[in-house]
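Please read the following report alongside the sequence and the coordinates.

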Amino acid sequence: MIADLVASVRAREWWDYKLVPLLTAFYATLLLLDRPIAPLWPAAAMLLLALVPGAAFVSLLNDLTDLEEDRAAGKPNRMVGRGPSFRIMAILLPVTAGGLFLWLWRDDPLLMAAYLATWIAFTLYSLSSFRLKARGFPGLLADAAGAHLFPTLVAILVAFRGVERPIDPLWIAAGAAWAFGYGLRGILWHQLSDRDNDRVAGVRTFAQRYPRLVSARLGAWLAFPLELFGLGMLFWKLGSPIPLLFLALYLLLIWWRIRRWSMQAVLVQSRPKYLIFLHEFYDVFLPMAILVASAVAFPIDLLVVAVHLLVFNRRPRETVEDVRTLWRYRKHPSS
């Protein structure tokens, strides 16, 4: 049963995408506070261990609550054929782990509230009693908050707690704006991509209720500007040129892909040969930029660079492989 539960969590689908931006917020907060990351590895480990049960809970709860709808739409679902005991354990184990971290952080009401809010947001999004997923705009808010906003706040608060420093309200606000804008863009992309399946299953998501153009404009004119504003504030507060340098490298890679492979950078709506703008930046370039900046100030953090790349290596390997392919294409365009 444990082996089946681990397989049902689908960690490969979210390990890098969900966890790396959150750890980046933790790294960046320590860089802001001018503290090395390596000596605070227990706080980083606790953060990671706290985030994993929440991500697993979301994956398992989605499968459980979407069972009938996925069947109607002809989509695969890992809970098909699972008995009641398996389904109970699938929810009970991550919830128990989450409860342990709430108890460990019981002396920090703000951190405890942010962590608890991540669980509540996704419960409200998925559970049939509330099912905000099928209630239009509230579903967008719940997913963006549960997937990005509250976990990012948890990561930032754990960093402040680790160095026993008072929180910086402006830094918190900037991180919240960035995370919420990015999260809102992410759920709009997901709902637009799943729009046809939701129509067949009768799920009234925001993207299903309104024309595609409405979701596209919401992403372009609300979510993306909010995300950029928050990111700009974070860069300004850090005051380091290294993240800007890595942003320039990322933009150069995007330009190279568009020119050589005729790819299209999109915000929320998929197209032929598309890439989601800034997605790879948050998964690969930004964490490396923060870690390199920290290692310049504190050479011991080179160890953190190595450990990070060991634990989260899939996305960097994909980026390196793309660069190698593009380089070979430059030298042999006919191949």
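This is a predicted model: local features need pLDDT of at least 70, side-chain atom pairs count only at pLDDT 80 or more; totals for chains, interfaces and linings use all residues.

Residues are numbered from 1 along each chain as its sequence is written, and side-chain values use heavy atoms, with hydrogens and water left out.

The protein contains 15 helices and two strands, these being DSSP runs numbered from the N terminus (helices H or I, at least four residues; strands E, at least two). Its C-alpha trace spans about 60 × 50 × 40 Å along the principal axes. The radius of gyration is 20 Å, which agrees with the value near 20 Å that a compact globule of 335 residues would have; this radius is taken over C-alpha atoms, and the globule rule is 2.2 Å times the number of residues to the power 0.38. Of the contacts (heavy atoms within 4.5 Å) with a separation of 6 or more, 74% join residues 24 or more positions apart.

Of the 335 residues, 51% count as buried, where buried means under 20% relative accessible area, exposed over 50% and partly exposed in between (1.4 Å probe, protein chains only). A nonpolar core is a set of buried Ala, Val, Leu, Ile, Met, Phe, Trp, Tyr and Cys residues joined through side-chain atoms within 4.5 Å. The largest such core has 99 residues, of which F26 and F281 touch the most other members. Helix α7 (residues 137-163) gives the most to this core, with 15 residues. Leaving aside neighbours within four places in sequence, F26 is in contact with I37, L40, A43, A44, L47, A155, V158 and A159. Another core, of five residues, lies apart from the largest one and includes L60, L67, F86 and A90.

| Residue | Relative accessibility | Class |
|---|---|---|
| V296 | 62% | exposed |
| M46 | 30% | partly exposed |

M46, by contrast, is placed in helix α3 (residues 41-65) and, together with L100, W103 and L104, makes a nonpolar surface patch of about 370 Å². Helix α5 (residues 84-104) gives the most to this patch, with three residues.

Conventions: Patches are made of residues with over 30% relative accessible area and no salt bridge: like charges are joined within 9 Å, nonpolar side chains (Val, Leu, Ile, Met, Phe, Trp, Tyr) within 5 Å. Accessible areas come from the Shrake-Rupley method with a 1.4 Å probe; for residues, only the protein chains shown count as cover. A salt bridge is a side-chain nitrogen of Lys or Arg within 4 Å of a carboxyl oxygen of Asp or Glu.
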